[in-house]
Amino acid sequence: MGLSPWYVTGFVDGEGSFYVTKTERKATFAITLRADDAPILKEIQAYFGGCGRFTYIQSRKPYHPLYALVNTTKPTMGYLVTKTSDLVQYIIPHFDAYPLQAKKQYPYRAWREFVLLHYQTLRKRGMKDVLAPMISNISRLNNDFAVQLSQATQQPTNGRRTNASDLATPAVR
């Protein structure tokens, strides 16, 4: 049957987090639980269209990116969604339709704004990446045409250079 949308929101209100890494400036949606609770994480992943990945943490280690989220020495399982397009397509629409009710709504709002701004920036950069070769080709074609026109107007005719008036069609007498 699947999970109720409000169940997912309530679960995330208690166990989830929304954060942006400082070094990579990458937005992440995460839920971290003890590893023996992995089945519910898999159901939540299925609810969100199968996006995201799992990470297994054997024990609390200071160098692990989820260090702040792990409060146990028991093995932990994390469900993470970091791909910006997945955040925009699955995560944000869910929490916009089924809003968080507790204090987690405040960091979510700031995180949401970051993700949407980042997504718009990526899309604009993507368009530049698509348009740059097209502009380059147009520029090259224009340059080729200018060179051909220049060569055509500078070919000597009977020892003299051709000018624009020589290219005109001669009048019929």
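**The aromatic rings and their surroundings**

Mentor: Tyrosine 47 is partly exposed, with a relative accessible area of 28%; the term covers the range between buried, under 20%, and exposed, over 50%, with a 1.4 Å probe and protein chains only. The model is predicted, so local features need pLDDT of at least 70 and side-chain atom pairs count only at pLDDT 80 or more, while totals for chains, interfaces and linings use all residues. Residues are numbered from 1 along each chain as its sequence is written, and side-chain values use heavy atoms, with hydrogens and water left out.

A pair of aromatic rings is described by the distance of the centres and the angle of the planes. Searching the whole structure gives 14 aromatic pairs. In one of them, tyrosine 47 and phenylalanine 48 are edge-to-face, with 5.2 Å centre to centre and 80° between the planes. For such a pair, the rings of Phe, Tyr and Trp (its six-membered ring) must have centres within 6.5 Å; planes under 30 degrees apart are stacked, over 60 edge-to-face, and the rest tilted. Phenylalanine 48 is buried, at 2% relative accessibility, whereas tyrosine 47 is partly exposed.

Tyrosine 108 and tryptophan 111 make a tilted pair, 5.9 Å centre to centre with 35° between the planes. These two residues are about one helical turn apart because they lie 3 residues from each other in helix H4, residues 105-154. Helices (H or I, at least four residues) and strands (E, at least two) are DSSP runs, numbered from the N terminus. Tyrosine 108 is buried at 5%, and tryptophan 111 is buried at 3%. Ring pairs join both of them to Phe18, Phe29, Tyr47, Phe48, Phe54, Tyr79 and Phe95 in a cluster.

Leaving aside neighbours within four places in sequence, tryptophan 111 is in contact with Phe18, Tyr19, Val20, Ala27, Thr28, Phe29, Leu87, Ile91 and Ile92; contact means heavy atoms within 4.5 Å. Tryptophan 111 and Phe29 have the most contacts inside the largest nonpolar core, which has 27 residues. At least two residues of this core come from each of helix H1 (5-15), strand S2 (27-34), helix H2 (38-47), strand S4 (76-81), helix H3 (84-97) and H4. The most, 5 residues, come from H3. A nonpolar core is a set of buried Ala, Val, Leu, Ile, Met, Phe, Trp, Tyr and Cys residues joined through side-chain atoms within 4.5 Å. In soluble globular proteins, nonpolar side chains tend to be buried together.

Tyr47 also takes part in the packing of two helices: Pro5, Tyr7, Val8 and Phe11 in H1 meet Ile40, Ile44 and Tyr47 in H2. The axes of H1 and H2 come within 11 Å and cross at roughly 125°. Axes here are lines fitted to C-alpha atoms, for helices over the stretch in contact, and angles run from 0 to 180 degrees between N-to-C directions. H1 and H2 are therefore oblique to each other, since under 35 degrees is roughly parallel, over 145 roughly antiparallel, 65 to 115 roughly perpendicular, and the rest oblique.

Within H2, isoleucine 40 is buried, with a relative accessible area of 17%. Its contacts, leaving aside neighbours within four places in sequence, are Leu3, Tyr7, Phe11 and Leu33. Isoleucine 40 and phenylalanine 11 are 29 residues apart in sequence, with 10.0 Å from C-alpha to C-alpha.

Threonine 82, in the loop between S4 and H3, is partly exposed at 21%. Beyond its neighbours within four places in sequence, threonine 82 is in contact with Lys26, Ala27, Thr28 and Leu87. Of these, Ala27, Thr28 and Leu87 are also among the contacts of tryptophan 111. The C-alpha atoms of threonine 82 and glycine 52 are 6.9 Å apart, across 30 residues of chain.

As for the whole protein, there are 5 helices and 6 strands, in the order α-β-β-α-β-β-α-α-β-β-α along the sequence. Buried residues make up 28% of its 173 residues.
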